[in-house]
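Some notes follow on the attached structure. They begin with a single residue and then turn to the contact between two chains.

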Amino acid sequence: MKNKLTYKLLLAFCLVANSSVKAQNLLDKLDKEYAKITLYEIATFKTTKIGLSHSIETRKKGAIQISLYNRYWDIPNFQSNRFLADEVNTRYGLEYSFSDNFTFGFGYSNFDKISDGYAKYRILKQSKGLKSNYLSITLLQGVSQRKTRNANANLYGVNTSSNSYAFTSQILIARKFSPELSLQIMPSFIHRASSPTNNDPNNHFAIGFGGRQKISNHTSIVSEYYYVANPIKSISTFNAFMLGINWEVSDLMLQFHLTNARNFAEDTFITQTTNNFNFKDPNLHFGFNATFIIHTKKKKLK
Amino acid sequence: MNKILPLFLLLTFLTNKETNKNQFIARQGQVSFFSYASVENIEAQNNQVLSILDIKNKKIAVSMLMRAFVFKKDLMYEHFNESYIESDIYPKATFEGDILDFDTSLSNQTKIIRGTLTIHGKSKNIDIKTKIEKKAKTFILSGEYNVLVKDFDIKIPPILTSNIAKIINIKFRFQYQPYEE
């Protein structure tokens, strides 16, 4: 009786073993040979800026990024023959990546005469496989300095060297949900100088929402919105909004957008956008960003 | 009969195990590709290509991860995976084929491998001329092959046609060792 059972078991084992060995084709065998690795998500966004503000992306070590950001808008009932648009604000920017995770950049915008600099550090990268992370997190610290003193006396008060500075701290949190869709939220803290004669807060809390949806391999639709929890009281301000298209052309990244934000420095456009988003002059701003990437360090192939 | 049947099955099972002696594996196979274009040359290399060689059935299979290709410029790596090969959707490229007139006794031979190449989710039947060397009971396979970008449904925008060659040259070299499961 016992012998019969072992006999049957042996028979079953031999049948299974035979079939399993035979059924395995060569490619299936190779699939089992792959070592387990951690695969980090690449290109959650293709550019280091979504449109208005920074994305979680930084360039790899040794990359230099030259950027030219423009905003064009019209002045209502303005008798002029100016080329393209009545007014333009241009930011000239330069960035260098010291490591794959750390980037430093600075720039100057000519309309509002603001110089700005920032440091960006990636602390967490979305990944799958051996080590899996659900999100990517990047820290951003920015500083800006206004050259134009008393552009708005109500807002800043008496000229001093210290009240021309503003500081922005952001935590950029993003996830690439699918090859096409990436979303980002940006809790922000802004400290800026304020006039002692008004009730404007010195510290602002804001949260930004951004996203991209790829419409082809090279182009995507992007949008951003900033909500300010405690806005400036002495002048009426609006939340910044942007809708645009990002286009990747080899080493060149082009961004086209419609927005109500006129300035480029984070603290300024988040807290001091004085017009709402609509298609009337001078509220509609057309934005055009061009970014060119140069690699100073190249990998050697064996 | 009751005693012979399991013995027979056990024997066939053992002989099946035996076939693994006819199989060889390469875990660090090298595949590189070149695109010669007027704007810039693009070169990439993958040193972690897997391949298995079955000398009894004269069959070969190759499998590689697209994300394992290394480029000179980081931006090339990102664009290759994101904009062209779409490695999120098609993470692997594979080849499976038969070595025609393979003679395991020769130490040096050049043979045609006929099989199916799958890149970017598209398969194509191809013939590859391959040099087969036999050294100390293992094999080294090497050769090169030209693929047309359009055969694999990889879209290049008209503005970038001068950046990427229409024909991509692929070089490969696999050094095999006996396969153990």
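1. The model is predicted. In chain A, His218(A) sits in the loop that joins β10 (203–214) to β11 (219–228). His218(A) has a relative accessible area of 8% and is therefore buried, the cut-off being under 20%.

2. Leaving aside residues up to four places away in sequence, His218(A) touches residues of both chains.

3. As for the contact as a whole, 49 residues of chain A and 55 residues of chain B take part. About 4600 Å² is buried between the two chains, with 60% of that area coming from carbon and sulfur atoms. On the chain A side, Leu26(A), Tyr34(A) and Leu301(A) lose the most area to chain B, and together they account for 15% of what that side buries.

4. Between chain A and chain B there are 6 salt bridges. A salt bridge links the side chains of Lys299(A) and Asp74(B), at 2.5 Å from N to O.

5. Which elements of chain A each supply at least two residues of the side that touches chain B? They are α1 (2–23), α2 (26–33), β1 (38–40), β10, β12 (241–249) and β14 (285–295). The largest share, 10 residues, is from α1(A). By residue class, this side of chain A holds 23 nonpolar, 7 polar and 19 charged residues.

How values were computed: Residues are numbered from 1 along each chain as its sequence is written. Chains are lettered from A and ligands numbered from 1 in the order in which they are written. This is a predicted model: local features need pLDDT of at least 70, side-chain atom pairs count only at pLDDT 80 or more; totals for chains, interfaces and linings use all residues. Side-chain values use heavy atoms; hydrogens and water are left out. Helices (H or I, at least four residues) and strands (E, at least two) are DSSP runs, numbered from the N terminus. Buried means under 20% relative accessible area, exposed over 50%, partly exposed in between (1.4 Å probe, protein chains only). Contact means heavy atoms within 4.5 Å. Buried area is the accessible area (1.4 Å probe) that two parts lose on being put together, summed over both. A salt bridge is a side-chain nitrogen of Lys or Arg within 4 Å of a carboxyl oxygen of Asp or Glu. Ala, Val, Leu, Ile, Met, Phe, Trp, Tyr, Cys and Pro count as nonpolar, Asp, Glu, Lys and Arg as charged, and the others, Gly among them, as polar.
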